[in-house]
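Hello,

My notes follow below it.

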Amino acid sequence: MSFLQDHDIACVAFDIDGTLYPKGITDRILVRTSILHLPFALRYMRMRSAIRREDGYSDFPSSGKEDMQEREYRLMYPDGLAGGLQAFLDKERKVFHDPWLKAFSSIRGYDGVVEAFRRLSSMMPVAVLTDFPIGVKLEALGLAPYVGVAVSSEDIGRLKPSACCFRVLSERVGVAPERILYVGDSERKDVLGALNYKMHAVLITNDRKKAASSRADIVVSGYGELMDALL
């Protein structure tokens, strides 16, 4: 028997950034696109950290993209900003979204990730859940044909590890959380977030210290090792 059979897994879902391709790529793109707007970028990252702290692992109703944008704006500029919410959205698009769309169009995934998605999708639904806009990432990585459901937590108004993100994932794939295996590179956001919502979890990491202390069902360092563990 395999892990998938032993645990009656009916869907495998993945984080994207740092899980399907090296996190260092994200970090380099982030530095390159935000260096000319450093005060805004730093404030933006603090704002997202604040949202994670406020929501924690709790489940909340989905609030939608517009409510999320309003919340982000109010946290970043409690005293308001000239031009209001629209000025904030324009700045966010200029600093992050537009440059990221171009930069991520040529990213390369980890060795074995395409084959893993191909094999898994022939057996069961494959999904992704990420905290950032998905944009062209799945197409650039060659994974779009194998992904049945793609969820950006920004669109549902919450950030991982909030249980809301994992609940919406479960609802959209139509599979009970106990039968979903979630794969990610972050212990707090991915592993603990998934376990908190009764999913199974895999941690992908090359860090031995993180691997030793992880609460994930499975810890692997790459996609060949992942498939060996699952099948």
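**Pockets first**

By class, 13 charged, nine polar and seven nonpolar residues make up the lining of the largest pocket. Please keep in mind that this is a predicted model. The volume of this largest pocket is about 650 Å³. Its lining counts 29 residues. Asp17, Gly18, Lys23, Asp185 and Lys189 are the ones that lie nearest the centre. Which helices supply at least two residues each to this lining? They are α2 (23–34), α3 (38–55) and α10 (187–196).

The second largest pocket has a volume of about 160 Å³. Its lining consists of Lys65, Met68, Gln69, Glu72, Leu89, Glu92, Arg93, His97 and Glu154. Five of these residues are charged, two are polar and two are nonpolar. Here α4 (64–76) and α5 (84–103) each give at least two residues.

**Helix α3**

This helix is one of those that line the largest pocket. α3 has 18 residues. From first C-alpha to last, α3 reaches 26 Å, close to the 26 Å expected at 1.5 Å a residue. Which residues of α3 are buried? They are Phe40, Ala41, Tyr44, Met47, Arg48, Ala50, Ile51, Arg52 and Asp55. Note that Arg48, Arg52 and Asp55 are on that list. The buried residues of α3 pack against α2, α4, α5, α8 and α10. Among those partners, α4 and α5 also line the second largest pocket. After α3 comes Gly56, with a positive phi near 55°.

**Helix α10**

α10 also supplies at least two residues to the lining of the largest pocket. Lys189, at the start of α10, is one of the residues nearest the centre of that pocket. The backbone nitrogen of Lys189 has a side-chain oxygen of Ser186 within 3.0 Å. The buried residues in α10 are Asp190, Val191, Leu192, Gly193 and Ala194. What covers them? The cover includes α9, β4 (180–184) and β5. α10 is also among the elements that the buried residues of α3 pack against.

**Backbone points to check**

- Lys198 has a positive phi of about 70°, although Lys198 is not a glycine. Is Lys198 buried or exposed? Its relative accessible area is 57%, so Lys198 counts as exposed.
- Asp8 is another residue other than glycine with a positive phi, near 55°. The loop between α1 (3–6) and β1 (11–14) holds Asp8. Asp8 counts as partly exposed because its relative accessibility is 43%.
- Lys160 and Pro161 are joined by a cis peptide bond, with omega of about 15°. Pro161 sits in the loop between α8 (153–156) and α9 (163–173).

**In brief**

The two pockets have volumes of about 650 Å³ and about 160 Å³. The cis bond is at Lys160 and Pro161. Positive phi values away from glycine include those of Asp8 and Lys198.

Best wishes

Technical notes
Residues numbered from 1 in each chain as written. Predicted model: local features only at pLDDT ≥ 70, side-chain atom pairs only at ≥ 80, totals over all residues. Heavy atoms only, no water. 1 Å grid on protein atoms, 1.4 Å probe; cavity = no way out; pocket = protein on both sides within 12 Å on 5 of 7 lines; lining within 4 Å. Points joined across faces, edges and corners; volume = space filled by probe spheres on them. Helix = DSSP H or I, 4+ residues; strand = E, 2+ residues; numbered from the N terminus. Nonpolar A, V, L, I, M, F, W, Y, C, P; charged D, E, K, R; others polar. Buried < 20%, exposed > 50% of the residue type's maximum accessible area, 1.4 Å probe, protein only. Contact = heavy atoms within 4.5 Å. Polar contact = N/O pair within 3.5 Å; in protein donor to acceptor, adjacent residues only side chain to side chain. Expected span 1.5 Å × (residues − 1).
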